[in-house]
2 protein chains.
Amino acid sequence: MDTAARLFYARGVSNVGINEIIARAGVARMTLYHHFPSKDALIKAVLERRTAERDEWLDRAADMASEPLGRMLAVFDLFMEWAASPDFRGSPLVSATFELGGQLNAARPFAQAHGQRIERYFAEQAREAGLHDPEGLGQQLLMLLEGASVVVLVKGDAKAAELAKSAAASLIAGAAS
Amino acid sequence: MDTAARLFYARGVSNVGINEIIARAGVARMTLYHHFPSKDALIKAVLERRTAERDEWLDRAADMASEPLGRMLAVFDLFMEWAASPDFRGSPLVSATFELGGQLNAARPFAQAHGQRIERYFAEQAREAGLHDPEGLGQQLLMLLEGASVVVLVKGDAKAAELAKSAAASLIAGAAS
DNA sequence: TTGCCATCAGACCGACCGGTACGTATTATC
DNA sequence: GATAATACGTACCGGTCGGTCTGATGGCAA
């Protein structure tokens with residue numbers, strides 16, 4: 001699963017075949033199919049694990065500051081760090097959603113939960129800080145985060161992440177008055 | 001090309017085969033290969049056309065208001081309209097970039113130009129309006145737009161587009177002082 | 001020791017992929 | 001009416017895909 005997760009993220013879910021996964025993992029074909037009935041199941045399992053990682057990520061952000069406003073901005077600090085890593089490819093859940101496209105999309109529910117989770121995190125902090133319309137602000141900050149992912153990925157330049165943080169600060173300031 | 005563009009957008013560039021394109025377009029295999037040497041060339045031609053559409057789109061936004069601030073927000077108005085259409089799937093250029101993934105990505109240059117074009121549009125209006133840091137603001141608004149695309153696509157709910165507009169208004173207001 | 005079970009290696013399957021070959025029909029040009 | 005260009009349909013190619021089958025190997029528990 002480590003191998004699959006790495007390959008899926010680096011080159012896309014449907015651009016990586018079973019053959020490559022088993023070769024790189026040093027595992028026999030039937031061993032993989034013993035644990036996962038199909039490639040789809042493997043994909044879902046990987047996405048599930050990504051979901052857990054995302055939760056840990058948010059927990060880390062929450063630990064980085066004691067004030068709700070700081071906890072909101074900490075997410076953007078962590079994102080800046082992540083975006084600067086050379087193999088950054090955006091959220092795996094969102095990537096997979098784009099990639100699988102179409103309507104019958106195995107990844108979309110995961111990406112949906114992903115967005116909802118981050119949105120709620122922001123909204124909770126915003127409510128605690130007494131800001132206006134915490135739900136709306138949460139969704140706006142989520143958009144900023146996803147947009148920054150896209151821009152960093154497309155431009156190949158992590159500087160956009162800093163602008164995302166300053167934009168977030170500006171939105172938060174606007175919701176404080 | 002109409003057929004290819006439609007199918008590519010609806011189901012993803014690599015999830016649509018040559019066979020389906022020629023079948024739906026009512027065209028012979030060799031006819032297609034007479035006009036485009038390979039599927040890659042067809043994809044590039046389609047993306048090229050999408051680029052032109054995007055330029056028209058921005059021109060329409062520019063015509064919707066006489067003041068630079070209005071011209072900036074008009075982009076978000078047009079986006080709201082677009083996001084509400086049932087077959088909305090985000091920017092075709094960004095989608096293709098995600099989908100093709102990897103490093104040798106035929107779509108990324110297109111998406112890059114796409115982002116740069118929108119960013120510059122915002123920056124020009126911002127400069128004309130005398131706002132602070134027009135380039136930075138332009139990139140922030142671009143992130144907002146791309147993020148809104150992602151959120152609308154993932155949630156399947158176009159309401160996020162309205163929040164994107166209000167966030168844009170807030171950012172613009174913040175840059176005015 | 002015996003039997004079980006996970007793992008291994010790799011041949012194999014049908015389906016589909018992008019792309020080519022080939023021969024025919026239609027249309028426009030002169 | 002001959003010529004050339006374009007379109008058509010379809011069989012076919014090699015390669016890759018996800019997934020199955022077989023048979024051997026080795027550790028572990030009863």
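The views below are all taken from a predicted model.

**View 1**
D133(A) sits in the loop that joins α7 and α8 of chain A. Most residues other than glycine have a negative phi. D133(A) has 15 C-beta neighbours inside 10 Å and therefore counts as partly exposed. In chain B, D133(B) is found in the loop between α7 (108–128) and α8 (134–155).

**View 2. Chain A, a chain of nine helices and zero strands.**
From the N terminus on, the order of elements in chain A is α-α-α-α-α-α-α-α-α. The C-alpha trace of chain A spans about 60 × 30 × 30 Å along its principal axes. Chain A has 177 residues, of which 44% count as buried. Of the contacts in chain A between residues at least 6 apart in sequence, 56% join residues at least 24 apart.

**View 3. The axis relating chain A and chain B.**
Chain A is superposed on chain B by a rotation of 180 degrees with 0.0 Å of shift along the axis, at an RMSD of 0.1 Å. The two copies are thus related as by a two-fold rotation axis. Within chain A, G147(A) has the C-alpha nearest the axis, at 1.7 Å from it. Both copies use the same surface, and 100% of the contact residues of chain A recur in chain B.

**View 4. The side of chain A that touches chain B.**
Contact is made between 36 residues of chain A and 37 residues of chain B. On the chain A side, α6 (92–100), α7 (108–128), α8 (134–155) and α9 (159–176) are the elements that give two or more residues. The largest share comes from α8(A), with 14 residues. By class, this side of chain A has 16 nonpolar, 15 polar and five charged residues.

**View 5. L144(A) and the largest nonpolar core.**
The largest nonpolar core holds 106 residues. Those with the most contacts inside this core are L144(A), A148(A) and A164(A), together with L144(B), A148(B) and A164(B). Leaving out residues up to four places away in sequence, L144(A) touches A164(A), A167(A) and A168(A) in chain A, and M143(B), L144(B) and G147(B) in chain B.

**View 6. Helix α9 of chain B and its buried residues.**
Helix α9 of chain B covers residues 159–176. At 1.5 Å a residue, its 18 residues should span 26 Å, and the end C-alpha atoms are 27 Å apart, which agrees. The buried residues of α9(B) include A160(B), A161(B), L163(B), A164(B) and K165(B). Also buried in α9(B) are A167(B), A168(B), S170(B), L171(B) and I172(B). The buried residues of α9(B) pack against α8 and α9 of chain A, and against α5 (68–84) and α8 of chain B.

**View 7. The surface near DNA strand C.**
There are 15 residues around DNA strand C, and those that come nearest are A28(A), T31(A), G17(B), S38(B) and K39(B). At least two residues each are supplied by α3 (29–35) of chain A and by α2 (18–25), α3 (29–35) and α4 (39–63) of chain B. The element that gives the most is α3(A), with four residues. By class, this surface has six nonpolar, five polar and four charged residues.

**View 8. The surface near DNA strand D.**
Around DNA strand D there are 16 residues, of which G17(A), S38(A), K39(A), A28(B) and T31(B) come nearest. The elements giving two or more residues to this surface are α2 (18–25), α3 and α4 (39–63) of chain A, along with α3 of chain B. Here α3(B) gives the most, with four residues. The surface near DNA strand D divides into six nonpolar, six polar and four charged residues.

Notes
Residues numbered from 1 in each chain as written. Chains lettered and ligands numbered in written order. Predicted model: local features only at pLDDT ≥ 70, side-chain atom pairs only at ≥ 80, totals over all residues. Near = placed C-beta within 6 Å. Nonpolar A, V, L, I, M, F, W, Y, C, P; charged D, E, K, R; others polar. Least-squares fit on C-alpha atoms with pLDDT ≥ 70 in both. Contact = placed C-beta atoms within 7 Å. Buried ≥ 20, exposed ≤ 12 C-beta atoms within 10 Å, placed from the backbone. Expected span 1.5 Å × (residues − 1). Core = buried A, V, L, I, M, F, W, Y, C linked by C-beta atoms within 7 Å.
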